[in-house]
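Trainee: I would like to check the labels on this structure against their criteria. Can we go through them one by one?

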Amino acid sequence: MEESNRADDFVPAGLASLGIEADEVDLAVMGATHQLFWPAIRDLLALDLGEVAPERCPDLSRAPERA
Amino acid sequence: MSALDLTLRGQAAAIAAGDADPGELLEAALARIEQRNPAVNAIVETFPEHSRAMLAAAPAGPLHGVPVVIKDEWPLPWRAQRFGAAEMFKPTAPGESGPFRALRDAGAVIVGVANMHELGSSSTGNVSVYGPARNPWNTERCPGGSSSGPAAAVAARLVAGAVGADGIGSIRFPAAYCGLTGLKPTFSRSAMAGHHMAAISTTIVSGPLCADAADCRLLASALFAEALAPGDAAGLRIGVVRDTVSEDVAPEVREACEAAIEALRAETGGEVREIELADIEPAALATVLIANTEGLGGVSPERLNQLSPDLGPINRGFLKYRMLLPAAASVQAYRIRTLMRHRLAAAFDEVDVIAWPTVPAVAPPLEAPVVEIPSGMLTADQANVRGAGLANLTGIPSASVPVGLSSDQMPIALQLQAAWGRDELLLDAAEALERANGRRWVDALAPLAQAEATEA
């Protein structure tokens with residue numbers, strides 16, 4: 001399926017499910033955003049990061065604690 | 001030469017020595033804003049009576065009597081921030097923000113509020129409720145965002161120092177586009193109180209934009225509430241990464257940055273080491289996801305249905321699209337954060353700084369902010385985020401330093417990144433690079449400032 005078709009389905013359906021209104025301009029912007037973001041998001045979701053446990057309340061002013 | 005054309009530290013020293021009158025300097029800054037600002041739209045509001053009152057009450061601090069500007073991202077006691085937008089999600093009110101207090105306590109005088117990209121949402125600066133700020137090197141080009149006004153103000157020499165904010169490169173992009181030095185401090189090291197995201201954000205910091213590193217050191221010292229001691233960066237170990245951030249860049253940007261890295265190595269008597277740093281692109285996306293979802297608390301569909309019609313169409317659409325981002329992607333983003341923090345910690349065992357181009361191409365046109373790089377035509381935001389997000393994602397400090405001009409006379413910049421808390425080292429390295437280049441690029445004046453300086 002074309003990316004644009006996916007956006008045509010995903011964005012209006014998602015907005016409708018949340019009760020968010022959108023005009024044609026909103027939909028055009030969101031469609032372009034979706035085409036830009038979604039392939040990268042799918043790639044991100046496909047990364048095997050199961051071994052990486054997020055730091056609990058990381059202190060971003062310091063290096064992470066090493067095992 | 002007007003005292004206003006001195007560096008930030010030069011102005012402070014001249015005032016301290018009695019060689020410049022701070023009252024005259026303030027009036028000169030206000031006059032220059034009136035004269036030059038229409039061409040660059042860097043300053044969106046001045047308030048001479050408040051500025052004069054600040055000067056009258058200014059303590060004998062390191063910036064006593066020195067005029068500066070602050071991005072439209074923090075409240076002042078007499079003005080609420082507008083974030084460059086027709087409306088914000090949270091109500092704003094005048095108040096004493098952290099950066100305001102830091103500047104006041106250092107003796108500085110805030111002469112104006114600087115423009116910014118609407119809601120801080122882009123690296124270009126081409127959208128603002130006030131109209132876009134313009135790049136003093138070419139007023140048809142983007143000044144960079146989101147700290148567009150701070151950069152344009154310093155590059156036009158309206159003032160010598162400006163306070164910006166950096167959530168995904170928003171100090172470094174405009175510093176790069178406008179030929180300035182900009183520091184994104186280590187997370188939480190600089191004043192942030194009063195920012196509407198201060199209690200929520202894990203990416204945004206305040207930081208300085210100035211002509212050179214020594215001025216950034218002075219202004220950062222005020223924002224950090226601690227003096228940043230200078231060093232010499234001797235024996236600097238410079239890490240380079242053979243990845244898209246250093247290779248998928250315009251040829252003349254790559255050439256200038258590679259020359260700068262070699263010049264920095266030679267000046268410091270250091271070495272250049274290739275390092276592995278995988279997953280930089282997913283890290284950039286992770287930064288975007290985290291930065292754009294942290295503020296979603298309290299954002300309801302009902303609220304989104306009441307957005308001001310005066311908000312720009314891109315932000316209207318993107319604010320709504322954020323609600324559709326999958327939670328699983330956010331979980332992955334936080335895992336990427338952990339992964340990259342550990343990878344960087346390991347990398348900084350091997351090198352002192354990591355260097356790559358701040359942006360892969362010079363400032364694009366305001367009307368069409370797209371850039372051409374080896375992989376094709378991309379929006380500037382797409383291209384720029386790749387090299388900038390890592391510092392915000394992981395908390396490390398990062399600086400953008402000017403290293404050349406393109407064939408069409410637009411600034412080229414190198415980004416230096418160091419380990420957590422080593423902000424001083426970045427400035428040491430930037431100063432070493434300035435020495436290596438004979439200060440050629442930090443002293444270069446934008447044509448707009450240059451032409452008017454000659455006329456004056």
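**Labels and their grounds**

Trainee: What makes L416(B) buried?

Mentor: L416(B) has 28 other C-beta atoms within 10 Å. The cut-off for buried is 20 or more. L416(B) is therefore buried. Keep in mind that this is a predicted model.

Trainee: Where does L416(B) lie, and what does L416(B) touch?

Mentor: L416(B) lies in strand β13 of chain B, residues 411–418. Leaving out residues up to four places away in sequence, L416(B) touches V353(B), A355(B), S398(B), A399(B), V401(B), L426(B), A429(B) and A430(B). N41(B) is 375 residues from L416(B) in sequence and 29 Å away in space, C-alpha to C-alpha.

Trainee: How do you know that β9(B) and β13(B) pair?

Mentor: Pairing needs at least two bridges. Strand β9 of chain B, residues 353–357, and β13(B) have five bridges, in the antiparallel sense. They count as paired. One bridge joins I354(B) to Q417(B) in β13(B).

Trainee: Which sheet holds these strands, and what is its order?

Mentor: It is an open sheet of eleven strands in chain B, with mixed pairing. The order is β1-β3-β2-β4-β6-β5-β12-β13-β9-β7-β8.

Trainee: What makes β1(B) and β8(B) edge strands?

Mentor: Each pairs on one side only. β1 covers 43–45 and β8 covers 271–275 of chain B. Neighbouring strands of the sheet are turned by 35° against each other on average, direction ignored.

Trainee: Which helix lies across β1, β2, β3, β4 and β6 of chain B?

Mentor: Helix α5 of chain B, residues 148–155. It runs at about 155° to β4(B).

Trainee: Why are α13(B) and α14(B) called roughly perpendicular?

Mentor: The axes of α13 (residues 327–350) and α14 (residues 380–394) of chain B cross at roughly 95°. Roughly perpendicular covers 65 to 115 degrees. The two helices are therefore roughly perpendicular to each other. Their axes come within 9 Å.

Trainee: Which residues meet there?

Mentor: From α13(B), R337(B), M340(B), R341(B) and L344(B). From α14(B), L390(B), L393(B) and T394(B). By class, that contact has four nonpolar, one polar and two charged residues.

Trainee: How many residues does each chain give to the contact between chains A and B?

Mentor: Chain A gives 31 residues and chain B gives 35 residues. On the side of chain A, α1 (3–18) and α2 (24–46) are the elements that give two or more. The largest share, twelve residues, comes from α2(A). By class, that side has 20 nonpolar, five polar and six charged residues.

Key. Residues are numbered from 1 along each chain as its sequence is written. Chains are lettered from A and ligands numbered from 1 in the order in which they are written. This is a predicted model: local features need pLDDT of at least 70, side-chain atom pairs count only at pLDDT 80 or more; totals for chains, interfaces and linings use all residues. Two residues are in contact if their C-beta atoms, placed from the backbone, lie within 7 Å. Helices (H or I, at least four residues) and strands (E, at least two) are DSSP runs, numbered from the N terminus. Ala, Val, Leu, Ile, Met, Phe, Trp, Tyr, Cys and Pro count as nonpolar, Asp, Glu, Lys and Arg as charged, and the others, Gly among them, as polar. A residue is buried if 20 or more other C-beta atoms lie within 10 Å of its own, exposed if 12 or fewer, and partly exposed in between; C-beta atoms are placed from the backbone. Axes are lines fitted to C-alpha atoms, for helices over the stretch in contact, and angles run from 0 to 180 degrees between N-to-C directions. Angles under 35 degrees count as roughly parallel, over 145 as roughly antiparallel, 65 to 115 as roughly perpendicular and the rest as oblique.
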